[in-house]
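Here is a short note to read with the model open. Take the points in order, and find each residue as it comes up.

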Amino acid sequence: MLFEFLNPPFMQRALVAAVLVGITAPAIGIYLVQRRQALMGDGIGHIAMTGVGLGFLLSTSPIWMATAVAVAGAVTMELIRWYGHTRGDLALAMLFYGGMAGGVMLINLSDTGSNANLTSYLFGSLSTVSDADVAAIAVLAAFVVLVTVGLRRQLFAVSQDEEFARVTGLPVRVLNLLVAVTAAVTVTVAMRVVGLLLVSALMVVPVAAAQQITKSFRVTFVLSVVIGTAVTLTGTVTSYYQDVPPGATIVLLAIAVFVALTVLAAPLAKRRARASAATGAECTLEVPAARRGSDGAHV
């Protein structure tokens, strides 16, 4: 059957989760790219590991616990960015590595956790996505979409130029915290599909791919979401038929799209440059002609 992959219940759950991840990751990733914080998702992923381990230790939902810890970590990262100054990089490094080490330690101290559970959260796992996971992912994804679409003008202004946004009266620090919190929520949305170690790539690569052939923020936003959704769905189906890791497959597909659009963008850029040069030459010829009198003399 052509659509055999739709029959297993775990694949139905995985595909729903994949669509939600494909939408949300690039939606917040575009703001991170604009702010030159492309690796922020990677750092939050390290911190979220402590939340996963704590969830197993306390026998609660790892997703919700990871969300709480990731949000706290993202807020801490933003505060370090404001006040860290010269020691900011060192503090962030200790936060990232401490989050990863804490997660490994906590999951091994729990009675229900194991290294196999840890691997599924690090690299993603289709077969372990439960109905409760899908429900949690849907709620968190709705929050991400509401923020990234509903406040797109304000978030874009802050991401482009904080000083200008502050002058115009926008609450810059509140919006910066909101971006950090939304990025943290996105990490926990995506960890069941692509894994904590690869989620940052899905937040950044589709945006970078879209930027190769787009100029405006709106078109880049839409195209990056389309690319994100396409690669997550394709990667999920591929992992079902080929028995390969879903997270790695999705990220490699995203990189392949980036390479393809980069190759396509080169001749397009040359064509636009030639068209622009030709237009400029025509304008140069038309201006003197327009300044001549009816007898051919200059006015």
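1. **Terms for helices.** Helices (H or I, at least four residues) and strands (E, at least two) are DSSP runs, numbered from the N terminus. The expected span of a helix is 1.5 Å times one less than its number of residues. This is a predicted model, in which local features need pLDDT of at least 70, side-chain atom pairs count only at pLDDT 80 or more, and totals for chains, interfaces and linings use all residues. Residues are numbered from 1 along each chain as its sequence is written, and side-chain values use heavy atoms, with hydrogens and water left out.

2. Helix 1 has 26 residues. From first C-alpha to last it reaches 39 Å, close to the 38 Å expected at 1.5 Å a residue. Helix 11 also has 26 residues and reaches 36 Å, again close to the expected 38 Å. Look at what follows each one. After helix 1 comes Arg36, with a positive phi near 60°. Just after helix 11, Asp243 has a positive phi of about 55°.

3. **The whole chain.** How many helices and strands does the chain have? There are twelve helices and zero strands. Of the 299 residues, 45% are buried. Buried means under 20% relative accessible area, exposed over 50%, and partly exposed in between (1.4 Å probe, protein chains only). Contact means heavy atoms within 4.5 Å. Among contacts with a separation of 6 or more, 75% join residues 24 or more positions apart.

4. **The cores.** A nonpolar core is a set of buried Ala, Val, Leu, Ile, Met, Phe, Trp, Tyr and Cys residues joined through side-chain atoms within 4.5 Å. The largest one holds 67 residues, and Ile44 and Met203 touch the most other members. Helix 9 (residues 172–190) gives this core its largest share, eleven residues. A second, separate core has six residues, including Phe5, Ala14, Leu15 and Val237. In soluble globular proteins, nonpolar side chains tend to be buried together.

5. **Met203 up close.** Leave out residues up to four places away in sequence. Met203 then touches Ala25, Pro26, Ile28, Gly29, Ile30, Leu32, Gly41, Ala183, Thr186 and Val187.

6. **Aromatic pairs.** Rings of Phe, Tyr and Trp (its six-membered ring) pair if their centres lie within 6.5 Å; planes under 30 degrees apart count as stacked, over 60 as edge-to-face and the rest as tilted. This rule gives six aromatic pairs. Why is the pair of Tyr31 and Phe217 called tilted? The ring centres are 5.7 Å apart and the planes are at 45°, so the pair is tilted. Tyr31 is in helix 1 (residues 9–34) and Phe217 in helix 11 (residues 217–242), 186 residues apart. Tyr31 counts as buried because its relative accessibility is 0%.

7. Phe156 lies in helix 7 (residues 152–160), 61 residues from Phe217. Phe156 is partly exposed, at 29% relative accessible area. Tyr31, Phe156, Phe217 and Phe221 form one aromatic cluster.

8. **Around helix 7.** Which residues of helix 7 are buried? They are Leu155, Ala157, Val158 and Ser159. Their cover includes helix 1, helix 6 (131–150), helix 8 (162–167) and helix 9. From helix 9, look at Asn176. Asn176 is buried, at 1% relative accessibility. Leaving aside neighbours within four places in sequence, Asn176 is in contact with Arg35, Glu78, Arg81, Trp82, Val158 and Glu162.

9. **Thr50.** This residue lies in helix 2 (residues 40–57). The Thr50 side chain reaches the backbone oxygen of Gly99 at 2.7 Å. That is a polar contact: a pair of N or O atoms within 3.5 Å; within protein, one must be able to donate a hydrogen and the other to accept it, and residues adjacent in sequence count only if both atoms are side-chain atoms. Not counting residues up to four places away in sequence, Thr50 touches Val69, Gly98, Gly99, Gly102, Gly103 and Leu106.
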